Amino acid sequence: MTSFQKKTWIGLFIMALLTPLGVVLPKWFNAEDAWGEWGIDKIEKLLGYIPAGMKKVSEIWKAPIPDYNFGGESASMATRIASYIISGVIGILLISIAAYALSKFLVKREK
Amino acid sequence: MHIPDGYLSPQTYIPLYGVSFAFWGIALKKIKKELSAKHVPYLAMGAAFSFLIMMFNIPVPGGTTGHAVGGGIIAVLLGPWTAVIAVSLGLIIQAIVFGDGGITAIGANCFNMAIVMPFVSYWVFNLVKGNATQGKRLSIAAFLSGYCGLSAAAVITAVEFGIQPLIAHAPDGTPLYAPYPLSIAVPAMALEHLLLFSIVEGMVTVMVFNYFSKHEPDLVRTLAREA
């Protein structure tokens, strides 16, 4: 690994440490979900009903770490912040593994 | 911009899966031909960068949130086909592990953020850059590539939302999936991106572009091609 690459990886881990800004800032500014990404409860509040097709499909997948949060919906801010950082690091690791596995199949060896 | 499960009808998400599979196939073939072993770490870094930058939710005070995607800068640095794979990797992991974006919507989300965005960004960058190989013009090209790329992705996403009430409704007209028509979805998503999120994307694109031009100029693919 070149020193530039090492520096860039360190930069990415620092980014992971900073990701909690992505939960803290919206909270500060009283901002909620992204447009079109409301949960099923919020949709019911917005519309007064849950569209029939949406109701059937919306819970099709149980993600292991939903919303980058280990603490569930009632989690404290501290838990959310810690979860975010850990999720960021897990993301980096999973992506690295996937990218290198993919490249093993794809890239021709250079001598 | 991560469409959750239940917002798109099958007649939308199945074709978009098809389109994404086609692009993935071509992208993998191209990478096999062009990407050399020394570029592999950059594919991983690009994917990780995209994954992380999407976690930085930017608030519209009292309103919604949004985020940069990184698809533009990856396309500029590594080429649009590598960006297709890098951003898709991030999106697939977000959907499966973190429930960010639906499983049924992986094809759609990859189409919007990992296909439309990198190609628009790449095209805009080259268009604005012209023959410049250094200087302010490159920074402007980088900014606009991020800005336009994310905006295009947002509008396409809004169109996918907005056509749902038209193509998937109960006999009495009640929407079965995403409920808001084009006339609401497109302005809502276009405005918040044009006025805020895409500006952030543009700034991130310039910062990363300048960092790489300074430290790893050979990698800056579109520049290297000129040499």
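Visitor: In which hand of crossing does helix 2 of chain B pass helix 3 of chain B?
Guide: This is a predicted model. Helix 2 covers residues 40-53 of chain B and helix 3 covers residues 71-78, and their axes come within 9 Å. The crossing of helix 2 of chain B over helix 3 of chain B is right-handed.

Visitor: How are helix 2 and helix 3 of chain B oriented to each other?
Guide: Their axes cross at roughly 165°. Angles over 145 degrees count as roughly antiparallel. Helix 2 of chain B is therefore, relative to helix 3 of chain B, roughly antiparallel.

Visitor: What about helix 6 and helix 8 of chain B: which residues make up their contact, by class?
Guide: Helix 6 (residues 136-162) and helix 8 (residues 182-215) of chain B have axes that come within 7 Å and cross at roughly 155°. The two helices are therefore roughly antiparallel. By class, their contact has one charged, eleven polar and 21 nonpolar residues.

Visitor: Is helix 5 of chain B largely enclosed or largely open?
Guide: A residue counts as buried if 20 or more other C-beta atoms lie within 10 Å of its own. In helix 5 of chain B, 20 of the 24 residues are buried. So helix 5 of chain B is, by the rest of the structure, largely enclosed.

Visitor: Where in helix 5 of chain B does the kink lie?
Guide: The kink is about 30°.

Visitor: Just after helix 5 of chain B, which residue takes a positive phi?
Guide: Helix 5 of chain B runs over residues 106-129. Just after it, a positive phi of about 55° is taken by B:Gly130.

Key
Residues numbered from 1 in each chain as written. Chains lettered and ligands numbered in written order. Predicted model: local features only at pLDDT ≥ 70, side-chain atom pairs only at ≥ 80, totals over all residues. Helix = DSSP H or I, 4+ residues; strand = E, 2+ residues; numbered from the N terminus. Expected span 1.5 Å × (residues − 1). Bend = angle between axes of the 7 residues up to and from the residue. Buried ≥ 20, exposed ≤ 12 C-beta atoms within 10 Å, placed from the backbone. Axes fitted to C-alpha atoms, helices over the stretch in contact; angles between N-to-C directions. Parallel < 35°, antiparallel > 145°, perpendicular 65-115°, else oblique. Nonpolar A, V, L, I, M, F, W, Y, C, P; charged D, E, K, R; others polar. Left-handed = near helix turned anticlockwise from the far one by under 90°.
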